[in-house]
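Here is a protein chain to look at with some care.

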Amino acid sequence: MKIDYALLTDLYQLTMAQGYWETGQGDTQACFHMYFRDYPFKGGYAIACGMAQLADLVDEFSFSDEDVAYLGSLDAPGGGKLFKPEFLDYLRTFELRVDIDAVLEGTVVFPHEPLVRVTGPIMDCQLIETALLNCVNFETLIATKAARVCLAAQAPVAEFGLRRAQGAGGGLWASRAAVVGGCASTSNVLAGKLFDIPVSGTHAHSWVMSFPDELTAFRAYAEAFPKNCVLLVDTYDVEQGIKNAITVGLEMRERGERLSGIRIDSGDLSWLARMARAMLDEAGLTDCGIVLSNDLDEFTIQSIRDEGAQVTSWGVGTKLACAYDQPTLGGVYKLSATRASGESEWTDRLKISESAAKLTTPGVLDVRRYFYCGSGRLAGDMVFDVNAPGDKLREVIVDPSDDLRQKNLSGLCSETLLKPLARDGRTVLDASERDAWAARERAQAGLATLDESQKRMLNAHTYPVGLEYGLFERRRDLVVKLRGIA
C-alpha cells in the first residue's frame with residue numbers, strides 16, 4: 001500500500017530539519033531508541049510488530065515535487081512562508097542515510113528496552129520519527145492483543161475487525177498484526193492479498209433474511225459452498241437454527257459432503273454453544289464444529305471456556321482490531337547519544353524529567369536476552385551499551401525504575417535482540433524477516449519460553465528487565481552532573 005511517508009509526520013520534525021540544515025548541524029550523528037514504558041493491557045509481555053512497515057517506510061521515503069510544492073505553500077504564523085526555498089530544493093533530492101536495528105517481528109518484548117535503534121544524521125533520524133512510532137506503536141499493540149486473545153482461546157481465532165477498525169490503513173495493518181500475534185486468519189481480503197495471510201468467512205444474517213425461510217437459505221448456501229459451509233444459526237431463533245443446520249448437515253452427508261460448522265453470533269454464547277454441541281452430537285454430526293463471535297475479548301473467551309463450552313474456532317472483531325480497552329501502546333523515541341560528523345566517540349545525551357519514569361538512558365543501546373540453557377526459559381533482559389568494552393560488562397541488571405531490584409544473570413545462555421533492518425538508508429531485511437506468518441511462528445515460540453505466571457490475564461508476574469550495572473552507574477553519575485548535585 002503506497003503511503004507518502006515523507007509527509008506522514010508532525011510539522012515540527014520538518015521545522016527542526018530546516019533548523020538543523022540552516023545551522024549546519026544536519027550531519028551531526030545521532031542515536032535514537034524507540035521503546036515503551038508500561039505493559040499493554042496490564043499484562044506481562046508485548047509482541048513486537050510494525051518492522052515490516054518500517055522497512056517499507058525506508059524503501060519509499062522521498063519528497064516528491066508535489067510534497068515540496070505543498071510545503072512551499074505553508075505560511076509562517078508571523079507572515080511569509082514557513083520554509084525557505086533553498087531548504088525545499090534540498091528536500092527534492094533528499095535520501096535517507098540512517099542505520100536501523102530492530103527486534104524481529106513476533107519477538108516477545110518488555111518495557112524499558114529498545115525495540116528499534118536508529119543512528120545517522122540527526123536530521124534524518126528526526127524525519128522518520130513520527131511515522132516509525134505510528135507503525136510500531138499501533139501494530140505492537142494489536143499483535144499483543146491478538147496474542148492474549150489466542151492464548152485464551154486455545155483454538156483458531158479469525159480476525160473480523162475491519163468494519164470497525166480505525167480507517168482503511170488501520171484496518172489493513174491491524175489484520176496483519178493480528179496474524180503476527182497468533183490469529184489463524186482474517187476476514188480482510190485486501191490484507192490477505194497484500195500480506196499473503198489466510199482469509200476466512202462465511203455468510204451474514206442478510207443471506208438468511210433474503211430467502212423465504214432459514215432452511216431454504218441454509219440449503220442454498222450448502223449447495224453453493226459444499227466445501228466451506230459454516231451456517232449462521234442465530235438470525236431468528238438459535239435452537240431452531242441449529243435444527244435447520246442439522247437437517248442440512250444430514251443432507252450434505254448423504255451427498256458425500258460435510259457441514260463444517262455452525263456460527264453463533266448473539267445471546268448467551270456459553271450456554272448456546274453447549275446446547276448446540278449436545279444437539280449436533282445427538283444427530284450424529286460430531287465432526288461439525290462450533291464457531292462463536294459477537295464482541296469477544298480474551299476475558300469473555302476465557303469465561304466461556306471455563307464453563308465447559310467446546311468451541312472449534314472464534315471470530316474476534318471490534319475488541320481486537322481496536323485494541324480494547326487500551327487505545328495506544330505509548331511508545332517513545334528518545335535521543336541517547338550524539339557525535340560530530342567524522343568522529344568516533346559518542347557523547348551521552350540524557351533527558352531528566354520531574355517524573356522518574358521518564359528519565360532516559362544514554363548510549364548506543366542493545367538488549368541481551370538471557371535464558372536457561374537447558375529449558376530455554378527466559379531469565380531476564382539486559383539493556384547495555386554496544387560501545388562499552390566487553391570485559392567491562394557486568395551481567396547484573398538493575399531495574400531502571402527501582403535500583404533496589406537487581407538480578408545476577410551470569411552463567412546463563414544469551415542472545416542479542418536488535419538485528420539489522422537498514423544500512424545507510426537501504427533496507428537489509430530478507431523475505432522471511434518481512435513475512436507475517438514467520439513472525440507468527442516466532443511469537444508462538446517466544447511465548448512458550450515465558451513462565452505461565454507472565455502470561456496470565458490478571459496480575460501477571462513482572463519479567464526482569466534492567467540496565468547493565470555499569471550503564472546504570474553511568475546514567476546515575478550523569479544525572480548528578482546535569483543537576484549539579486554535590
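Q: Which residues of strand β16 point one way, and which point the other way?
A: In this predicted model, V396 and V398 point to one side of strand β16, which spans residues 396–399, while I397 and D399 point to the other side, and all are buried. As a general rule, side chains in a regular strand alternate between the two faces of the sheet.

Q: How do you know that β16 pairs with β17?
A: Two strands count as paired if at least two bridges are found between them, and four bridges join β16 to β17 (residues 402–408), with the two strands running antiparallel. Two residues lie between β16 and β17, and the two strands form a hairpin.

Q: In what order do the seven strands of the open sheet stand?
A: The order is β13-β12-β1-β5-β3-β19-β20, and the pairing is antiparallel.

Q: Why do β13 and β20 stand at the edges?
A: Each of them, β13 at 347–348 and β20 at 426–427, has a single partner strand, so one side of each is left without a neighbour in the sheet.

Q: How many bridges join β3 to β5?
A: Four bridges join strand β3 (residues 99–102) to strand β5 (residues 116–121), and these strands run antiparallel. Since pairing asks for at least two bridges, β3 and β5 qualify with four. Among the residues involved is D99, whose bridge partner in β5 is T119.

Q: Are W21 and F87 buried, exposed or something in between?
A: Buried means under 20% relative accessible area and exposed means over 50%. W21, with 29%, is therefore partly exposed, whereas F87, with 0%, is therefore buried.

Q: What makes the pair of F32 and Y333 stacked?
A: Stacked planes are under 30 degrees apart, and the planes of F32 and Y333 have 15° between them, with 4.8 Å from centre to centre. The pair links distant parts of the chain, because F32 sits in strand β1 (residues 29–35) and Y333 in strand β12 (residues 332–339), 301 residues apart. Both F32 and Y333 are buried.

Q: How do you know that K145 sits over the ring of F41?
A: The distance has to be within 6 Å of the ring centre, and the charge must also be within 35 degrees of the ring normal. The charged end of K145 is 4.8 Å from the centre of the F41 ring and sits over that ring. K319 likewise lies over the face of Y324, at 4.8 Å from the ring centre.

Q: Why is D124 called buried?
A: Its relative accessible area is 0%, and the cut-off for buried is under 20%, so D124 counts as buried. D124 lies in helix α5 (residues 122–127). Leaving aside neighbours within four places in sequence, D124 is in contact with F94, E95, L96, R97 and V98.

Q: Why does I197 count as buried?
A: I197 has 5% relative accessibility, so I197 counts as buried under the 20% limit. I197 is placed in the loop between α8 (189–195) and α9 (205–209). Beyond four places in sequence, I197 touches several residues, including S175, R176, V179 and A436.

Q: Which residues have the most contacts inside the largest nonpolar core?
A: This core has 140 residues, and those with the most contacts inside it are F61, I100, L115, V116, I128, I262 and W314. Helix α6 (residues 129–153) gives the most to this core, with 14 residues.

How values were computed:
Residues numbered from 1 in each chain as written. Predicted model: local features only at pLDDT ≥ 70, side-chain atom pairs only at ≥ 80, totals over all residues. Heavy atoms only, no water. Buried < 20%, exposed > 50% of the residue type's maximum accessible area, 1.4 Å probe, protein only. Contact = heavy atoms within 4.5 Å. Core = buried A, V, L, I, M, F, W, Y, C linked by side-chain atoms within 4.5 Å. Phe/Tyr/Trp six-rings, centres within 6.5 Å; stacked < 30°, edge-to-face > 60°.
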